[in-house]
Amino acid sequence: MRSSLLLLAPLLLAGCAATTSKVPAPNLFTQSYGKSPRSASTLYVVVHGDGVRTSIDTSAFVESLAAAEPDSAVVRLLRPGYSDGKGGQSPGVRGTSSTDDYTPERVAAVGDAIAALRQRYRRARVVAIGEAGGAIVIANLAGLRPRLLDGIVLVSCPCALPEWRKYIAGREPNEPRWREKLVSLDPLQTAGGIQPGLRAAILIGGADTRIPARFSRSYAEALSLRGIATDFRILPDRTAPVLDDPQVIEAARRLAAALPKTRS
């Protein structure tokens, strides 16, 4: 059995020594790049998708974002039960589909890991970036734990989850899992808890037929109706994955620049 210390995967801080802070360690695998906790002005936490068309290993995107934001720290986080194929592994059990991969327990595990990071990076504003299934997790966290995040960037998000699953069931009539009872959290149902001070950016590929833009647009409209500053963009001719598009980094940078200089 692997040591629990390995499962906790302490942060790897680029260019600086590990600290001996008494703040709790994240309960999921994390790897950090960029500024130290004492000097980072913004903390970006990147949460991967489900691994069908998205990459579990988001290190290339994380490295690019860290290079573009030299005064910030960027952390890639693995959701419960996921591994990145490079030795990174989070404890827990992943869901079998969108039926149960965004349950309250799995969303809470990601939230607890981000809360531990927030305590470590006490001076930094926290911006969470999620792709596909990771975007669903982040969107739900924004509604369920409104003090946890200062900004969210959602990429290729099927944020109207029941409607999206019905759409996929029509495309895949011989796949019974899309008709199973939904126990995952639906971002449109948790959006009522989002506070007006949050900022959001939502990006979707205009040529994505598996996650058409309407399932992100409906969530963006729900946020706007709540007074949330929302930057919604359709990337023409893009299919999934979209996380590698330079416009995602630019959207994240714009959002962070618009946040108050001190953390909420």
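**Entry 1**

I number residues from 1 along each chain as its sequence is written, and side-chain values use heavy atoms, with hydrogens and water left out. Because the model is predicted, local features need pLDDT of at least 70 and side-chain atom pairs count only at pLDDT 80 or more, whereas totals for chains, interfaces and linings use all residues. I marked residues 1-22, where pLDDT stays under 50; for this stretch the model has 29 contacts (heavy atoms within 4.5 Å) beyond four places in sequence.

**Entry 1: the chain overall**

I found 8 helices and 7 strands in the protein chain; these are DSSP runs numbered from the N terminus, helices being H or I with at least four residues and strands E with at least two. Of the 264 residues, 54% are buried, a term for under 20% relative accessible area, with exposed over 50% and partly exposed in between (1.4 Å probe, protein chains only). I also looked at contacts between residues at least 6 apart in sequence: 76% of them join residues at least 24 apart.

I traced an open sheet of 7 strands in the order 1-3-2-4-5-6-7, with mixed pairing. Strand 1 (30-34) and strand 7 (229-235) are its edges, each pairing on one side only. Pairing requires that DSSP find at least two bridges between two strands. Neighbouring strands are turned by 15° against each other on average, direction ignored. I then checked strand 5 (residues 151-155) and strand 6 (residues 199-205), which pair in the parallel sense over 5 bridges. The bridge partner of Leu154 in strand 6 is Ile202.

**Entry 2: helices on the sheet**

I recorded that helix 3 (residues 104-120) packs on the sheet, where it touches strand 1, strand 2 (42-47), strand 3 (73-77) and strand 4 (125-131). The direction of helix 3 makes about 155° with that of strand 3. Helix 8 (residues 246-258) also packs on the sheet, touching strands 2, 4, 5, 6 and 7, and its direction makes about 170° with that of strand 6. Axes here are lines fitted to C-alpha atoms, for helices over the stretch in contact, and angles run from 0 to 180 degrees between N-to-C directions.

I next took helix 3 against helix 4 (residues 133-144): the angle is about 75° and the axes lie 10 Å apart. Helix 3 is therefore roughly perpendicular to helix 4, the class for angles of 65 to 115 degrees. Helix 3 contributes Val107, Val110, Gly111 and Ile114 to the contact, and helix 4 contributes Val137, Ile138, Asn140, Leu141 and Leu144.

**Entry 3: strand 3**

I examined the cover of strand 3 and found 5 of its 5 residues buried. Ala73, Val75 and Leu77 lie on one side, Val74 and Arg76 on the other. Strand 1 pairs with strand 3 in the antiparallel sense over 5 bridges, and Thr30 stands opposite Leu77. Strand 2 runs parallel to strand 3, joined by 5 bridges, with Val45 opposite Val75.

**Entry 4: Asp101**

I located Asp101 in the loop between strand 3 and helix 3. Asp101 counts as buried because its relative accessibility is 5%. Leaving aside neighbours within four places in sequence, I listed its contacts as Asp50, Arg79, Tyr82, Arg94, Gly95, Arg106 and Ser184.

Notes. pLDDT is the predictor's confidence in each residue, from 0 to 100. Angles under 35 degrees count as roughly parallel, over 145 as roughly antiparallel, 65 to 115 as roughly perpendicular and the rest as oblique.
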